[in-house]
Each structure stands twice: as C-alpha cells, then as structure tokens.
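This report describes how selected parts of one protein chain are packed together. Please keep the sequence and the structure in view while reading.

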Amino acid sequence: QCSSGRGRRPYNIHTRVLPRGNMAMRTTPPATPLLIVLLDATSRSMFHRLMPRTARVLQAELGGRYDVVEFFRFNALGGNTRHNTPFLFGGAGTRGDVTNRLWLQQLMQKMGYVNAVASDHFKATAVAHELEPYCHHVLAFREMFAPSKAFRNEAGDRFNFVSPDLKDHCLGGRLPFTYVFEYMRSFFSAYPNTSRFGYIHLNDGHNENPWSLEPLDAELGLFLEDMARHDPAIVLLADHGLPYGYWSLTPTGEQEVKNSLLVMAFPKARLSASQTAALRHNSQALVTPHDVYRTIATMPGSLGDLMAYPQSWARRLAYGPGLDLLSDQVSHRRSCEQARLRPDFCLCNYWRELPIAQATKQQIAAAAAAMNRQTLGYTQCIQFEPHQLLVTTAHALSSDPEIMRVTLQLKGFAEGPVLFIVDALWLVRGTPPGLVRRTAYVNQTKCGAPPFVEPLCVCRDSDAVQRM
C-alpha cells in the first residue's frame, strides 16, 4: 500500500533484536513462550467484518496445531485505553494508581523470562512508562504515531494517522506494523532456548476510517502462523471497540465499543482436557480484563504455581477480582456487579430512549456543572449556564432507570473556535453549525463515578459567544 512518492526512495531500514549474551545462554528448561497482540479500538464484530483473512487463519487453528478459542462476551472496562490496559497488564487497583500493581512483565522477569515490547505508538499503550523498566527489548514509537529516534525525520504532517489515504501512514515506504512484526520475529528467533514474552500494541483500528485494518489483515494471519513455529501461547485481543465517529453513536455501535476482541490460542500438546473444557465453557461467559490478567499471570507451564512467587505477590494474585479462564468455570449467569463492570458499560445493559421532557432542570444543571468543572482554571473558556444547553436526546439504562444519559447542544451556537480538552491534549477545531453536542451522564453515582461529560471549551473571544 506504500510507495516512494514525493520524489523519495523507500529507505532500506529493518528492525532486528541482538540477543544479550548473559540471557541467551541460560541453561534452565524454557517455560511456555507467550505472545500478546493487542489491536487498539477493535471490537469483536469489527475484527470479523474487516479482518476476514486473519479470522480464517484462527478458524483453521493455525494449521491444526492449536486450540483456538474466541470469547464472545469479553467486556471492556471502559471506552478508553487507560480504562483497560492498566488492568490487563497490572491487575486490580484504582485506575490512576500505578504504584501498587504487579505488572505481567514484572512477574515474567521474576520467573526468568526475556521480555520485549513493540508498538507503532508506545505511549498509546497507556502503560509505557510502567512496563519499560521490565522489558529487555523495546521498539518504541514514542510520539504521536512517529518514532523518536530511528525515523525522526519522518514525523509530522506526512504521517497523519487519521488520513483516509494509506500512503500518509507510511514510514520509509512501509506501513508501521511491518516493522513491529519484523522486530518480534527477530526477538523470538534471537532467544531460541529461553523463556520469552512478547507484547505487540497496534493502533491501526484506532481510526474513523475502518478500512485502515485491511492492510493489517493481509499480514497478521501470516505473522501468527509464522510465530506458531515457536509454540507460544497466543492472546489476540483489543482493549475496547471504536469509541468515536458516527458509528459509535448508534445502538449497535454503543454495544460494540464494550465487546472487545479476545482470542486465546494454545499449542494442543500444552493443554489438559479439563483446561480445554474450561476455555470452551468460558467462551460463552461474561469475562473482563481482570480475568485475562489472572489467567496469564498464573498460566500453567509458564509462570506456573503461585507458590513460585514471593508470598505477598502470590496473595495479591490469589485474591484479585479475576478468575482463571483455564481452570475456573465462569458462571453463564455472571452479573455485571460480579464481574466488577460499571452498569453503564456492561454488555448485559443497554440504553432505552426516553421522551426529552423527562430530562429535568436539575439534570441539565448537573451537566452544566460537570462541564464547567472540566474546564475550571482555563481562563479562555466560558462557563456554561443551564439555559444555554438544549437537550436533544434522553436515555435511561435498561437495568436501572435512575441512571440517565442526556445529549446536549449549545443554543444559538453557529460556528467558531471550539477547544476540546482531553488530558491536556488541546485540539482547536472550526465547528460547523449545529454540530456542537456532548453527552452527559447524570445520576451516575450508582456507576461508581461522578457525572461526566467530555471537556468542551468555547473560547471567550469567539464571536459565537455573543450569540449564546
């Protein structure tokens, strides 16, 4: 999909892992290799729609050598990477707490594994800073979809990840995931007699242009078949579905963002009959990142018995919120509460449309207050009053009518500079008439979180402010 273009010749650049001698010469029998491939923002349905070649490779059980199980009710913890990857790789804890976690790479290192991470945007993993100290090899594209060292001159507008034109995604005449796959192949080959753990994080699906997954589909299945010769346990998953764009606003899209992809594949010789049966049973159960973490952290044949850990670590793993998908049979009647899922982000629940009149003045006032709290301290942003907000839709949660969601529009706002504040990343956009809308969750105390609305700032010097 890439061409030299713009008068440039493709660079003859390749990625390679050079083994560290003191680790490559280990004599202890190697434990089960492990490979995790995470496709950011890819729902289970989106995977099957847009990656049929990879799906066929998995359905063929990687050449008939693997037990491959897809989990149909894998439920993300939230619609953002930061809601999920800390729990996938670090276990239980509050979302903002990264100091009291046991990271998978940390556990693996303790048990003698050599760890590698490769990503087309390492910061987008949301746990880059926490994982890197426990990784022996890192291919780290660190800035906004542009690596910081090897390809520094390729950064900037020429690599516009949201562009629908695939050639704008290229680095040196190649798509970024090709460097990632090349690096991970090299890593597994560099340590043939050593316990290995590889983690790949790709952002091709994090795009309102879903066809960006097509080039990846042409290569991912071949990559997995190639890696299968090392006999690793393979976990192919996503942190969440696509959380933005028109599709995400439809009822089906709202369910898809919760239903992430999760496929586990094990060499047939490594699983007992009871473990295979547990996987098959749990494929129809409501499972979460908590369960994936517990399963990997205690995987037989790799990290093994909890008693191999320091006592304090073993205790924390044993009493964590997740279940072991290889040994525990998760109830098919497992509730959202039992799975530790927010009621408004659980596959068992959905939003029911209500008459707009049911959105009370108190709820609109709460939404305005939430918006104002988000932009507090930014003097360039106006503070909203309830009378400036128009309710355009109202919904209640199927399981609890007290949990409501309203969509608000700024009255009289025609156009002008709008500042969306997302974690200190500010994007100034010229907004077309009638498209300034935000969704606010009200009466959300039952969800374990305060009322929330994505930060929205209308600049004080905008002409539109005078018309509100």
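## Contact between helix 3 and helix 9

In this predicted model, Pro-52, Arg-53, Thr-54, Val-57 and Leu-58 of helix 3 are in contact with Asp-217, Ala-218, Leu-220, Gly-221, Leu-224 and Glu-225 of helix 9. Sorted by class, the contact of helix 3 with helix 9 contains six nonpolar, two polar and three charged residues.

Two packed helices are described by the angle between their axes and the distance between those axes. Helix 3 (residues 52-59) and helix 9 (residues 213-227) pack at an angle of about 25°, and their axes lie 7 Å apart. This angle makes helix 3 roughly parallel to helix 9, because angles under 35 degrees count as roughly parallel.

## The two sides of helix 3

Which residues of helix 3 are buried? They are Thr-54, Ala-55, Val-57 and Leu-58. Viewed down the axis of helix 3, these buried residues fall within an arc of 160°, so they line one face of the helix. An α-helix has 3.6 residues a turn, so residues three or four places apart point the same way. On the face of helix 3 turned away from the buried side are the exposed residues Arg-56 and Gln-59.

Several elements cover the buried residues of helix 3, including helix 2 (44-50), helix 4 (61-64) and helix 9. Strand 2 (66-70), strand 6 (233-237) and strand 7 (262-267) are also part of this cover.

Helix 3 is followed by Glu-61, which is placed in helix 4. Glu-61 is not a glycine, yet its phi is positive, at about 55°. With a relative accessible area of 23%, Glu-61 is partly exposed.

Ala-126 is another residue other than glycine with a positive phi, in this case near 70°. Ala-126 is located in the loop between strand 3 (114-119) and helix 7 (128-131). Its relative accessible area is 29%, so Ala-126 is classed as partly exposed.

## Contact between helix 8 and helix 9

Helix 9 also packs with helix 8 (residues 176-190), at an angle of about 5° and with the axes 11 Å apart. Helix 8 and helix 9 are therefore roughly parallel to each other.

From helix 8, the residues Phe-177, Phe-181, Met-184, Arg-185 and Phe-188 take part in the contact. They meet Pro-215, Leu-216, Glu-219, Leu-220, Leu-222, Phe-223, Asp-226 and Met-227 of helix 9. How many residues of each class does the contact of helix 8 with helix 9 have? There are ten nonpolar, no polar and three charged residues.

The side chain of Tyr-199 makes a polar contact with the side chain of His-201, at 2.7 Å.

Apart from neighbours within four places in sequence, Tyr-199 is in contact with Ile-36, Leu-38, Phe-89, Gln-105, Ala-116, Val-117, Ala-118, Thr-125, Leu-131 and Met-184. One of these residues, Ala-116, is 83 residues from Tyr-199 in sequence, while the two C-alpha atoms are 6.3 Å apart in space.

Thr-295 lies in helix 12 (residues 289-297). With a relative accessible area of 1%, Thr-295 is buried. Its side chain reaches the backbone nitrogen of Leu-325 at 2.9 Å. Neighbours within four places in sequence aside, the residues in contact with Thr-295 are Met-264, Leu-323, Asp-324, Leu-325 and Leu-326.

Helix 12 is also among the elements that cover the buried residues of helix 13, as is helix 6 (104-110). In helix 13 (residues 311-318), the buried residues are Trp-313, Ala-314 and Leu-317. Around the axis they cover an arc of only 100°, which puts them on the same side of helix 13.

## The chain as a whole

The chain contains 14 helices and 15 strands. Of its 468 residues, 54% are buried. Among contacts between residues at least 6 apart in sequence, 75% join residues at least 24 apart.

Key:
Residues numbered from 1 in each chain as written. Predicted model: local features only at pLDDT ≥ 70, side-chain atom pairs only at ≥ 80, totals over all residues. Heavy atoms only, no water. Axes fitted to C-alpha atoms, helices over the stretch in contact; angles between N-to-C directions. Helix = DSSP H or I, 4+ residues; strand = E, 2+ residues; numbered from the N terminus. Parallel < 35°, antiparallel > 145°, perpendicular 65-115°, else oblique. Contact = heavy atoms within 4.5 Å. Nonpolar A, V, L, I, M, F, W, Y, C, P; charged D, E, K, R; others polar. Buried < 20%, exposed > 50% of the residue type's maximum accessible area, 1.4 Å probe, protein only. Arc of directions from axis to C-beta. Polar contact = N/O pair within 3.5 Å; in protein donor to acceptor, adjacent residues only side chain to side chain.
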